[in-house]
Amino acid sequence: MGNVYVFDHPLIQHKMTYIRDKNTGTKEFRELVNEVAALMAYEITRDMPLEEITVETPVAKAKCKVLSGKKLGLVPILRAGLGMVDGILELIPAAKVGHIGLYRDPETLEPVQYYAKMPSDIGERDLIVIDPMLATGGSASEAIRMIKEMGARNIKLMCLIAAPEGIERVQKDHDDVDIFVAAVDEKLDEKSYIIPGLGDAGDRLFGTR
């Protein structure tokens with residue numbers, strides 16, 4: 001069973017308060033989401049392997065650590081997942097970015113794919129699937145299934161807020177995927193919105209309704 005990591009870092013929790021606030025405007029909301037994504041990425045990448053090299057400082061030679069060549073890929077689920085990508089790329093500019101487009105059928109509530117484009121070397125990369133809101137878990141689970149079919153082997157899921165129902169769904173469908181979230185909320189309402197949540201992440205990121 002994949003693990004669930006809930007970040008309790010004070011900076012993340014502080015920024016999440018303003019992300020949730022309905023009075024936070026689009027510009028500030030977007031900036032805060034990117035900041036939280038960067039802070040989360042710092043923790044998510046903690047287990048990336050290192051190797052030792054020698055460099056020359058202005059004073060002497062020094063043995064130092066660098067990333068050992070393990071490649072990283074980011075896979076935002078369109079469109080809201082885009083709002084977290086730039087914050088991660090500021091830390092890890094060499095990461096490649098794939099995209100998956102899904103929408104939820106209004107009658108069945110099941111995800112429907114409309115776009116998918118991945119790095120050609122997807123099987124060689126550690127992938128982080130990005131979806132700000134893990135509600136029913138349907139879209140995230142489908143996205144993970146799709147990239148597994150494309151050859152992905154090492155996958156993590158990164159979300160701002162998750163409902164217990166979404167966590168349960170992803171764990172049931174993909175017991176090899178760890179889930180990283182800034183908060184686990186109470187429940188879903190009758191329209192499958194997370195309570196208390198933050199509203200529609202895509203609308204708030206892009207100023208739409």
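**View A. Serine 192 in its loop.** Serine 192 sits in the loop between strand 12 (187-188) and strand 13. Its phi is positive, about 65°, although serine 192 is not a glycine. Helices and strands here are DSSP runs numbered from the N terminus: H or I with at least four residues for helices, E with at least two for strands. This is a predicted model, where local features need pLDDT of at least 70, side-chain atom pairs count only at pLDDT 80 or more, and totals for chains, interfaces and linings use all residues. Residues are numbered from 1 along each chain as its sequence is written, and side-chain values use heavy atoms, with hydrogens and water left out.

**View B. Two cis peptide bonds.** The bond from leucine 78 to arginine 79 is cis, with omega near 0°. Arginine 79 belongs to the loop between strand 4 (71-78) and helix 3 (85-91). The bond from isoleucine 195 to proline 196 is also cis, with omega near 0°. Proline 196 is in the loop between strand 13 (194-195) and helix 6 (201-206).

**View C. Helix 1 against helix 2.** Two packed helices are described by the angle between their axes and the distance between the axes. The axes of helix 1 (residues 10-20) and helix 2 (residues 26-44) come within 10 Å and cross at roughly 155°. Axes are lines fitted to C-alpha atoms, for helices over the stretch in contact, and angles run from 0 to 180 degrees between N-to-C directions. Helix 1 and helix 2 are therefore roughly antiparallel. Angles over 145 degrees count as roughly antiparallel, under 35 as roughly parallel, 65 to 115 as roughly perpendicular, and the rest as oblique. The crossing of helix 1 and helix 2 is left-handed. That word applies if the near helix is turned anticlockwise from the far one by less than a right angle; clockwise gives right-handed. Helix 1 contributes Leu11, Ile12, Lys15, Met16, Tyr18 and Ile19 to the contact, and helix 2 contributes Phe29, Leu32, Val33, Glu35, Val36, Leu39 and Met40. Contact means heavy atoms within 4.5 Å. The contact residues are 11 nonpolar, no polar and 2 charged. Ala, Val, Leu, Ile, Met, Phe, Trp, Tyr, Cys and Pro count as nonpolar, Asp, Glu, Lys and Arg as charged, and the others, Gly among them, as polar.

**View D. Helix 4 beside helix 5.** The axes of helix 4 (residues 138-149) and helix 5 (residues 164-173) come within 8 Å and cross at roughly 25°. Helix 4 and helix 5 are therefore roughly parallel. Their crossing is right-handed. Gly138, Ala140, Ser141 and Ile144 of helix 4 meet Arg169, Val170 and Asp173 of helix 5. This contact has 3 nonpolar, 2 polar and 2 charged residues.

View E. Methionine 133 lies in strand 9 (residues 133-134).
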